[in-house]
Amino acid sequence: MRILIIGGGIAGSAAALALDKAGIAVSVHEAHPEEGADIGAFLTLASNGMLALAQFDAAEAVSRVGFDLTTMRITGDTGTVVSTVPLGEAEDPLRRYRCLRRAELAAALRAEAVRRGIAVEHGKRFVSAEEDEEGVTAVFADGSTARGDLLLGADGIRSAVRSLTDPDAPAPRYAGQRVFYGYTTDAAPPSEPGRIDMLRGSTAAMGYAVSPQGETYWFARVSGDELSRAEIDGTTPAQWRDHLLPMLRPDATAAAEIVAATGERLMVTNASDLSTVTRWRTSRMLLIGDAAHAASPATGQGASMALEDAVVLAKSLRDAPTTEAALDTYEQLRRPRVERNIVSSARLTTRKAPNRLRRTVRNYRARFQKPGPGPSPSQADDLLTAQLDWESPLPVPAPSGN
Ligand SMILES: Cc1cc2nc3c(=O)[nH]c(=O)nc-3n(C[C@H](O)[C@H](O)[C@H](O)COP(=O)(O)OP(=O)(O)OC[C@H]3O[C@@H](n4cnc5c(N)ncnc54)[C@H](O)[C@@H]3O)c2cc1C
């Protein structure tokens, strides 16, 4: 079997590594022309993401970028510490939460793929595909084509592959918050090695962590109208700083000090998500990562979900008797988990559920929530660990009858 992977971000590169480990030939086709310096957003990779990375032997490569997070401290707007809790599997260095830039994570995974001899092509913007009985042909914007047995759409929230698997899929939805993020070496907020501080401000929810090199990574989520492209592109970091500071100054936290000390490396994006994408696949195309199930950033799980996707897909194709059965198994195992994350994240992002979110919640309940109490958190953890564990055969669920 040969699999074409469209998109060399987190989901695509991780899938390449996991499928390669399962003995499947893969190639990655990424739209960006070359590796570039992208300061972009940072993210926290949770223990479940690190566990997934370990299954295809990439945890060590990723732990060379970013830094460990071992505790989270929550502070209210009055400056009172509400709680300090350990994060995930702090005692295991390869399963600790990590703080790193999204681009660094994707670049580390791509470099690992290249090191293992996987073909990674840059400058290949996917535009369309043709399926036939023998296989699938991807067509790129430069006129070139590639042929495989299966095509994975790992091309992010604005997926071009999704327009083929589910032409009626909803467009990404503005989730109700703007997310600011930045980096500064000129602030000295209260901090301890390995701690991420969450500040429950009166207007903005902010988080920050200080790297071992003394650089403060921060984000702030602020409710408001969706920003237009022109506003995002036409507003300078200094103007965003002036916009944010009056919201942060009333709070007795380090929020205003950090933002005031941030120079040019201050950015903003709209928090977006996808309500249910009904069709993740055709017979020879499958969506993974944000292309299938983008959540707003609030739960901090999108990247970890993409890494889990990679493992479960590789195990499905390794263990199921046919490709069709593998893709069914993959979808049955993944949908409940990723859709629950979309719903949880949307709830943290919007105060008033708009219609689309209500529909996602209703769909989720109708499809996945069984009457009576669900699995306890520890049972759910055990189930996930078994699904991810490379050595265990996949626990294939009973057919859902859908
Ligand atoms: C502000 C912000 C903060 C976040 N914080 C966190 C966090 O703390 N923790 C967490 O786990 N997640 C977080 N996320 C979510 C996380 O970034 C995403 O879930 C994750 O990047 C999804 O990976 P992906 O590979 O599916 O998509 P992407 O990372 O979007 O990668 C898609 C890739 O496909 C390529 N591509 C696109 N179109 C084409 C095409 N037509 N042809 C070929 N290639 C194409 C793109 O260039 C890109 O390389 C955050 C997201 C945002 C926006």
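A residue counts as buried when its relative accessible area is under 20%, and by that criterion eight of the nine residues of helix H2 are buried, so H2 is largely enclosed by the rest of the structure. The model discussed here is a predicted one. Its protein chain is divided into domain 1, made up of residues 2-40, 48-65, 101-172 and 274-388, and domain 2, which covers residues 173-273.

**Helix H2 and Ser47**

- The buried residues of H2 are Ser47, Asn48, Gly49, Met50, Leu51, Ala52, Leu53 and Gln55.
- Ser47 is found in helix H2, which spans residues 47-55, and with a relative accessible area of 7% it falls under the 20% limit and is therefore classed as buried.
- Leaving aside residues up to four places away in sequence, Ser47 touches Gly88, Glu89, Arg95 and Tyr97.
- For one of these neighbours, Arg95, the backbone oxygen lies 2.8 Å from a polar atom of the side chain of Ser47.
- Ser47 and Ser296 are 249 residues apart along the chain, and their C-alpha atoms are separated by 19 Å.

**The residue after H2**

- H2 is followed by Asp57, whose phi is positive, near 60°, although Asp57 is not a glycine.
- Asp57 lies in the loop between H2 and helix H3, the latter being residues 59-62.
- The relative accessibility of Asp57 is 45%, a value for which this residue counts as partly exposed.

**Contact between domain 1 and domain 2**

- The centres of domain 1 and domain 2, taken over C-alpha atoms, are separated by 28 Å, and the contact takes 23 residues from domain 1 and 17 residues from domain 2.
- The size of an interface is often given as the accessible area lost when the parts come together.
- Between domain 1 and domain 2 the buried area is about 1400 Å², of which carbon and sulfur atoms give 55%.
- What kinds of polar pairing are counted between domain 1 and domain 2? The count is one salt bridge, and there are four residue pairs in polar contact, with both residues of a pair at pLDDT 80 or more.
- On the side of domain 1 that touches domain 2, helix H11 (323-349) and helix H12 (355-368) each supply at least two residues.
- H11 gives the most to that side of domain 1, with four residues.
- By class, the side of domain 1 that touches domain 2 has 14 nonpolar, five polar and four charged residues.
- In a salt bridge, the side chains of Glu215 and Arg101 meet at an N to O distance of 3.5 Å.

**Salt bridges**

- The count of salt bridges comes to 22.
- Arg115 forms a salt bridge with Glu112, and the closest N and O atoms of the pair are 2.8 Å apart.
- Why are Arg115 and Glu112 separated by about one helical turn? The two are three residues apart in helix H4, which comprises residues 102-115, and this spacing is why about one helical turn separates Arg115 and Glu112.
- An α-helix has 3.6 residues a turn, so residues three or four places apart point the same way.
- Glu308 forms a salt bridge with Arg337, the closest N and O atoms being 2.6 Å apart.
- That pair links distant parts of the chain, with Glu308 in helix H10 (residues 302-319) and Arg337 in helix H11, 29 residues apart.
- Glu308 has a relative accessible area of 0%, and this residue is therefore buried.
- Arg318 forms a salt bridge with Asp319, and here the closest N and O atoms are 2.6 Å apart.
- Arg318 counts as partly exposed at 31% relative accessibility, and Asp319 is partly exposed as well, with a relative accessible area of 34%.
- Salt bridges that share partners join Arg73, Glu192, Arg195 and Asp197 into one network.

Methods:
Residues numbered from 1 in each chain as written. Predicted model: local features only at pLDDT ≥ 70, side-chain atom pairs only at ≥ 80, totals over all residues. Heavy atoms only, no water. Buried < 20%, exposed > 50% of the residue type's maximum accessible area, 1.4 Å probe, protein only. Contact = heavy atoms within 4.5 Å. Polar contact = N/O pair within 3.5 Å; in protein donor to acceptor, adjacent residues only side chain to side chain. Domains from an automatic or database assignment. Buried area = accessible area lost by both parts, 1.4 Å probe. Salt bridge = Lys/Arg side-chain N within 4 Å of Asp/Glu carboxyl O. Nonpolar A, V, L, I, M, F, W, Y, C, P; charged D, E, K, R; others polar.
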